[in-house]
Amino acid sequence: MTTVKTPQLPAAEEFTDAAAAVARLELLYREATQFLCAEFSRILSDGPAVGSTGTTHRIRAFYPEIRFTTSSFAQVDSRLSYGHVSAPGTYATTVTRPDLFRHYLTQQIGLLIRNHGQPVTIAVSDTPIPVHFAVAADPSLTVPQEGAAGFTLRDVFDVPDLSTTNDDIVNGTYKATDDTGPLALFTAQRVDYSLARLAHYTATDASHFQNHVLFTNYQFYVAEFEAYARAQLADPASGYSSFVSTGDHEITEVEAEIPAIAKLPQMPTYHLKREDGSGITLVNIGVGPSNAKTATDHIAVLRPHAWLMVGHCAGLRNTQTLGDFVLGHGYLREDHVLDDDLPIWTPIPALAEIQVALEDAVAEVTELEGYDLKRIMRTGTVATIDNRNWELRDQSGPVQRLSQSRAIALDMESATIAANGYRFRVPYGTLLCVSDKPLHGELKLPGMASEFYHTQVARHLQIGIKAMEQLRGMPLERLHSRKLRSFDETAFL
C-alpha cells in the first residue's frame with residue numbers, strides 16, 4: 001500500500017467572527033502549499049522516496065473549506081440576492097488563495113453568519129491541491145513536463161483533474177454526491193485553473209485586477225487609458241494609487257516610464273488601481289466571441305462588481321452616422337460559443353443600474369441630454385456573430401434576421417460578454433461606437449478608420465470610465481440585484 005505523507009494542520013473549528021475565519025483559511029492554505037512546495041523541491045533534488053515494497057511514497061495536501069449548517073427556514077431580508085441560504089441543510093465550498101480573496105471572503109462569511117445567526121466551520125477538505133497550482137506562487141519552482149523530471153509526477157503528487165473542474169454550479173447542472181450543497185459558485189480547483197489562465201492570457205497577475213472591468217476590441221484604447229491613468233496619478237484626490245501595464249509593470253508617479261515588452265499577450269490588460277480594489281481594469285480581448293468567452297470565463301472567478309463592453313460595431317441603420325453610440329438593450333446571439341452552457345432561448349435582460357450609468361455618462365461627456373441625446377446615441381438590440389466576413393455571403397438570410405430582430409448594431413463580442421455576465425452573475429452592459437456601415441456602403445477602410453479612431457476613442461473610453469465610477473458609488477446589494485440569481489442560489493455572491 002502506498003504511503004501518503006500530508007502536513008499536520010489544525011482540526012476543524014467553528015467561527016462566529018468572519019475575519020478570524022478567513023485568517024484560519026489563510027493559515028490552512030499557506031501551510032498546505034508550503035508543504036507541497038518544500039516536498040516538490042526536495043524530490044526534484046533527491047528523487048521520490050520508495051517504500052520497502054517498491055511503491056513510491058505519495059505527497060498530498062488539501063484545500064481548506066468553509067462549511068455551514070442551518071436547521072431553520074428563518075426568513076432573511078427578501079431584498080438581498082446573496083448572503084444567505086434558501087433552506088435548512090449543510091453547505092460547503094473549497095477555498096484557494098484566501099490571501100487574494102480576503103476582502104471578498106470576509107464580506108461573504110460575515111453576511112452568512114449575520115443573516116442566519118450560525119457559525120461557519122473552517123477545516124481541511126478532502127479535495128487535494130494539484131502541485132501545479134501550489135507552486136504557481138513560487139517563482140523559483142516550475143513543474144517540469146511529463147517525463148522530464150526523472151520520475152512520474154502523477155505517482156507522487158496530485159495534478160489538475162479536469163473531470164472535477166467545471167462550471168456545473170454556475171450552469172445549474174450541479175448534482176451533489178452527498179447531502180451537502182454548494183456554498184459558492186466556483187470550487188477551489190476551478191478558481192485555480194482560471195488564475196493560471198489569466199496570467200497566461202493577460203500577462204498580469206490576478207492580484208492586480210480591479211472590481212470594474214472594461215472590455216474593448218481594439219488596442220487603440222490602451223494609449224488613452226494610460227493617459228487617463230497618468231492624469232489620475234497626478235491628482236492626489238483621485239483615489240487611484242497606481243497603474244499596472246501588461247507584464248506587471250507598476251507605476252505610482254505620473255512621469256514614470258513603462259518599459260516596452262517584446263511580445264504582447266493574447267489579451268493585453270491594464271489596471272488603474274485603488275487601494276480597496278475598486279479601480280478599473282481594461283482588457284483588450286481582440287476580435288471574436290471565442291476571446292470574449294475566454295476572458296470572461298476566467299475573470300468571473302475574481303467576482304468583479306461589473307463589466308462593460310466599450311468597443312466598435314457596424315451600424316445597421318441608415319440613420320446612423322460614424323461615431324454614433326449604441327447602448328445595448330437586448331442581444332441577438334449568433335456567436336455560438338456559449339450554446340452548450342447557456343441555451344440560446346435564455347433571455348439576456350438589460351440591467352437598469354448599468355443602463356442608467358451608461359446613459360448618464362454619455363450625457364455628461366457629450367453635454368447632450370433628453371431628446372437631443374438621440375442625435376448621437378441609439379438604444380436597441382446588438383447582434384453578435386462569429387463570422388467577421390459575413391458581408392461576403394448571401395446576405396438575404398443574415399440581413400432578414402437582423403431586420404426581424406430590430407438590431408441596430410453588429411459586432412463579434414458584446415452578446416458573448418453580456419451572456420457570460422448573466423451566466424456568472426456579474427452585472428454587464430454594452431456601449432458601442434459605430435465605426436462602419438457595411439449595409440450602406442460605408443466600409444471600414446484604412447483612411448477612414450484612422451481618422452475615426454483618432455477623434456472618437458478618447459471620448460468613448462471616457463464614457464466607459466465615468467459609468468464605472470458611477471457604479472462604484474452604488475451599494476453592492478443594489479448593483480448585484482436579484483435579476484441575475486436563479487431559483488436555488490449559492491449564498492456567496
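**Exercise 1. Describe how helix α6 packs on helix α8.**

Solution. Helix α6 (residues 188-202) and helix α8 (residues 289-299) have axes that come within 8 Å and cross at roughly 130°. Axes here are lines fitted to C-alpha atoms, for helices over the stretch in contact, with angles from 0 to 180 degrees between N-to-C directions. Helices (H or I, at least four residues) and strands (E, at least two) are DSSP runs, numbered from the N terminus.

The angle makes α6 oblique to α8; the classes are roughly parallel under 35 degrees, roughly antiparallel over 145, roughly perpendicular from 65 to 115, and oblique for the rest. The crossing of the two helices, α6 and α8, is left-handed (the near helix is turned anticlockwise from the far one by less than a right angle; clockwise is right-handed).

On the α6 side, R190, Y193, S194, R197, L198 and Y201 make the contact, and on the α8 side T294, D297, H298 and I299 (contact means heavy atoms within 4.5 Å). Sorted by class, the contact of α6 with α8 has four nonpolar, three polar and three charged residues. Nonpolar covers Ala, Val, Leu, Ile, Met, Phe, Trp, Tyr, Cys and Pro, charged covers Asp, Glu, Lys and Arg, and polar the others, Gly among them.

The model is predicted, so local features need pLDDT of at least 70 and side-chain atom pairs pLDDT 80 or more, while totals for chains, interfaces and linings use all residues. Residues are numbered from 1 along each chain as its sequence is written, and side-chain values use heavy atoms, with hydrogens and water left out.

**Exercise 2. Which helix of α8 and α11 contributes which residues to their contact?**

Solution. The axes of α8 and α11 are 9 Å apart, at an angle of about 30°. That makes α8 roughly parallel to α11. The crossing in which α8 passes α11 is right-handed. From α8 come P289, A292, K293, T296 and D297; from α11 come T416, I417, N420, R423 and F424. This contact of α8 with α11 has four nonpolar, three polar and three charged residues.

**Exercise 3. Trace the salt bridges of D297 with K293 and R423.**

Solution. A salt bridge is a side-chain nitrogen of Lys or Arg within 4 Å of a carboxyl oxygen of Asp or Glu. By this rule the count comes to 23 salt bridges.

Step one: D297 and K293 are bridged at 2.6 Å, N to O. Both lie in helix α8, four residues apart, about one turn of the helix.

Step two: D297 also forms a salt bridge with R423, with the closest N and O atoms 3.0 Å apart. This pair links distant parts of the chain, with R423 in helix α11 (residues 414-424) and D297 in helix α8, 126 residues apart.

Step three: D167, R190, K293, D297, D341 and R423 are linked in a network of salt bridges.

**Exercise 4. Are R423 and D297 buried or exposed?**

Solution. Buried means under 20% relative accessible area, exposed over 50%, and partly exposed in between (1.4 Å probe, protein chains only). R423 counts as buried because its relative accessibility is 2%. D297, at 10% relative accessibility, also counts as buried. In α11, 10 of its 11 residues are buried.

For contrast, take D276, in the loop between β11 (269-273) and β12 (280-284). D276 is exposed because its relative accessible area is 54%.
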